[in-house]
Amino acid sequence: KDEAEIRGHRKTYVGAMPGRIIEGLKKAGTANPLMLLDEIDKVSNDYKSDTASALLEVLDSEQNSHFTDHYIEMPVDLSKVLFIATANDLSTLSRPLLDRMEIIEVSGYSVNEKLHIAKEHLVGKQLRKNGLATSLLKISDSALKHIILGYTKESGVRELERQIAKICRKAVTKLYEAGVFNADGTRNKEVKVCIRITDKNLTDYLGNIKYKTDKAYKKPQVGIVRGLAWTSVGGDTLEIEVNIMPGKGEFQLTGQLGDVMKESAQAGISYIRSVSEEYHIPKKFFQENDIHIHIPEGAVPKDGPSAGITMATAMVSAITKVPVKADVAMTGEITLRGRVLPIGGLKEKTLAAKNAGIKTICVPKKNEKDIDEISPEIKKGLKIVFVEQMKDVLDVAFVKK
């Protein structure tokens, strides 16, 4: 919060002391330690002090060789210190400070990664915390997978650990009632009971499932397309619905969409109107009909540049009455001329498609290099089609007559 925490207090103040950096060097007892600056995006910046500017002097490798702390009043060489900073949101960091950093993006864990973390670390940790031996409580792989998919919605594993802790606490109560523990908390070795948690009895310990994954439709639908979205808790799939009604050529968007998505939809309809002859759309169609685009879960705000081709595909399907394959999902931005532009968050989006039972995903051609970086385990069972033009998307998505 305070600039003095970095630069130190001047000796004229009561209770003056060196800054955190000098204190860290003293504790480490070496000139080249590793210093971790946790949650650097939470530093405050008000009219009284500018913490980000003070950090600039610390982190800039060109000028931190003579960093001066107000308390010790001597230049200190910080150029040998390795600084690692963590942040959740880069948009709140000051631009000059961000310019001094090398950014390493750490994406969310896949379901399989979470399963291994839970099996190898979290379950054992919670058993020890709750005074349980492995012989008293067993949690099956299927149960762990159900917890990950049905009871947590996050990119990390904090909520997963909380759910495992909840199971352990309920198991301790049941074991105590069964006489496994004496009144003083010691183990009664005469009573041999082992609680096994599977996907069948999981609801007895955690209650009803909190999150349900929207699975792919069994049959092709007209005017309904599955899009892929990135969220702060990982990837998700978005269902985009389009209806055509007799009217005066009005265009309506609902589902609490942001400005970027609204503009994508406008670009999509302009493209469709420009190529209406190719798809045998009557000339007066847009003057005599209303188009309504809706994205369910209206209470959730949605925005981003990756639903353009999804909305355009849904509109073409609704206008031409050609159904879209049920197991196809897509992500990408559209231009007025029908070009497909690249997007971000592909790992999370690919995972979301896999969890929803999608078989084919359409990805912008310019994202080909990003797909190569995704592990084969995530891509297994998915057909990834790279698209450059809107025409390529429709060829993949539409059911052939």
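Which residues line the largest cavity? Y217, Q221, I224, V225, R226, E239, V324, K325, A326 and V328 do. The model is predicted.

**The cavity**

- A search of the whole structure turns up one cavity of 30 Å³ or more.
- The largest cavity holds about 70 Å³ of space.
- Strand β7, residues 224-231, gives the most to the lining of this cavity, with three residues.
- Six residues of the cavity lining are nonpolar, one is polar and three are charged.

**The largest pocket**

- About 2000 Å³ of space lies in the largest pocket.
- The lining of the largest pocket has 50 residues, and A87, I104, E105, V106 and S107 are the closest to the pocket's centre.
- Strand β4 supplies the largest share, four residues.
- By class, the lining of the largest pocket has 22 nonpolar, 16 polar and 12 charged residues.

**The second largest pocket**

- The second largest pocket holds about 580 Å³ of space.
- Its lining is made of 27 residues, with K153, T213, G235, D236 and N355 nearest the centre.
- Helices α5 (111-129), α6 (141-150) and α12, along with strand β8 (234-246), are the elements that give two or more residues to the lining of the second largest pocket.
- This lining divides into nine nonpolar, nine polar and nine charged residues.

**Helices α9 and α11**

- Helix α9 spans residues 259-274, and helix α11 spans residues 308-320.
- The axes of α9 and α11 come within 9 Å and cross at roughly 45°.
- That angle makes α9 oblique to α11, because it falls in neither the roughly parallel range (under 35 degrees) nor the roughly perpendicular one (65 to 115).
- The crossing of α9 with α11 is right-handed.
- On the α9 side, M261, S264, A265, G268, I269 and I272 make the contact.
- On the α11 side, the contact residues are G308, M311, A312, M315, V316 and I319.
- The residues of this contact divide into nine nonpolar and three polar, with no charged ones.

Note on methods:
Residues numbered from 1 in each chain as written. Predicted model: local features only at pLDDT ≥ 70, side-chain atom pairs only at ≥ 80, totals over all residues. Heavy atoms only, no water. Axes fitted to C-alpha atoms, helices over the stretch in contact; angles between N-to-C directions. Parallel < 35°, antiparallel > 145°, perpendicular 65-115°, else oblique. Left-handed = near helix turned anticlockwise from the far one by under 90°. Contact = heavy atoms within 4.5 Å. Nonpolar A, V, L, I, M, F, W, Y, C, P; charged D, E, K, R; others polar. 1 Å grid on protein atoms, 1.4 Å probe; cavity = no way out; pocket = protein on both sides within 12 Å on 5 of 7 lines; lining within 4 Å. Points joined across faces, edges and corners; volume = space filled by probe spheres on them.
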